[in-house]
Amino acid sequence: MSSAQNLFSEMDHQWMAQALQLAEQGLYTTTPNPRVGCVIVKNGLVIGSGAHLKAGEPHAEVHALRQAHQNARDQVKGADVYVTLEPCSHHGRTPPCADALIEAGVKRVIVAMQDPNPKVAGSGLARLQAHGIEVASGLMEGQARELNVGFISRMTRQLPYVRTKVAASLDGRTALANGESKWITGEPARRDVQHWRARSCAILTGIGTVLADDPHMDVRTIEIGRQPLRVIVDSQLRISANAKILQGNALVVYANAAQAKIDVLQAAGLKLIQLTDASGKVCLKSLLSHLAELGINELMVEAGQTLNGALMKHKLVDELVLYYAPVLLGNQARGIFELPTFTDMKQRIGLEVKDTRQFGADIRIIAKPIYSSE
């Protein structure tokens, strides 16, 4: 098995790029599974292709094999297979894809990346190799990893990938002093937010945002056949059972609350979980671990400065999606992150900017926090 990039030809890159495009078809729908695409090539022609679209349904390799068999079953023997993630080697909801490829008699399997799932983790490639199939990994791995940042995070860290979205003025303010925030950014930026919501498994917010705005925080402009789990951090259970965000699949996380309020919310059919840290607030690290256990790959945070700051303080934010509108709200307006006062520039949190682009009049910056090791 090899991961040396110089072993891959220009055509190998072309076919893997096509497989990655197929994988993107499952961007909004595969949760909690990874997004995977597969292309089967024989004599320089694609004879089968497919993508995994939904948990419990056939994987990308099976879709591609079915298509190839429909064309001509004997064509598959000796073919090359390009798949964005290592074929599974274990029985889950579906049989192992590695076995399906072995049975089909393919000649070579090229994968973008090995599966971070401990149940696979190289064993799929090893099984293929043991049956005389040539295997190689690492082709366009960066693109494949970016497509499945949440799945990788959950498998390797037992935490979801946390993406914090913020809409702010150019002077870094997210709401007026009285809490009013509709709308800082324009319609094009708000439409783009729907894309991030749609690819997320869950959306996290705080009780302050719920009390101020009574938001739905659902996916409205993209049809994905599901709604992300809505998670509300509410230390003292101040939420109303009639809050719009609770309509549908929601989870309220609290630290301490009166039993009477707990009884009222549970009687209304709401899901509650108590996670308390040493300071009497919701333990955010425990919350993220719990969400990972629920199969949450990507978690989108849409909150105010208190929860945003707490997540940043505990180094739990993996990525920032910042929308800046060309307006000024003044120094009395609310900020982005409520953080302890820094007394030394060494305490500042650096950002690695990954992407900058414009949506209408607003500018979107995607950046990753650079946390100190201290």
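Biologist: How exposed is A268, given as a relative accessible area?

Modeller: This is a predicted model, in which local features need pLDDT of at least 70, side-chain atom pairs count only at pLDDT 80 or more, and totals for chains, interfaces and linings use all residues. Residues are numbered from 1 along each chain as its sequence is written, and side-chain values use heavy atoms, with hydrogens and water left out. Buried means under 20% relative accessible area, exposed over 50% and partly exposed in between, with a 1.4 Å probe and protein chains only. A268 falls in the partly exposed class, its relative accessible area being 46%.

Biologist: Where does A268 lie, and how far is A241 from A268 in space, C-alpha to C-alpha?

Modeller: Helices (H or I, at least four residues) and strands (E, at least two) are DSSP runs numbered from the N terminus, and A268 lies in the loop between α9 (259-267) and β10 (271-274). A241 is 27 residues apart from A268 in sequence, while their C-alpha to C-alpha separation is 6.8 Å.

Biologist: Which side chain of opposite charge is nearest to E86?

Modeller: E86, in the loop between β3 (80-83) and α3 (97-104), is buried and has no salt bridge. A salt bridge needs a side-chain nitrogen of Lys or Arg within 4 Å of a carboxyl oxygen of Asp or Glu, and Lys and Arg count as positive, Asp and Glu as negative, with His and the chain ends not counted. The nearest side chain of opposite charge is 9.1 Å away and belongs to R127.

Biologist: Which backbone nitrogen does the side chain of E86 reach?

Modeller: Contact means heavy atoms within 4.5 Å, and residues that E86 touches, leaving aside those up to four places away in sequence, include V111, M113 and L125. At 3.0 Å, the E86 side chain reaches the backbone nitrogen of G122.

Notes: Polar contact = N/O pair within 3.5 Å; in protein donor to acceptor, adjacent residues only side chain to side chain.
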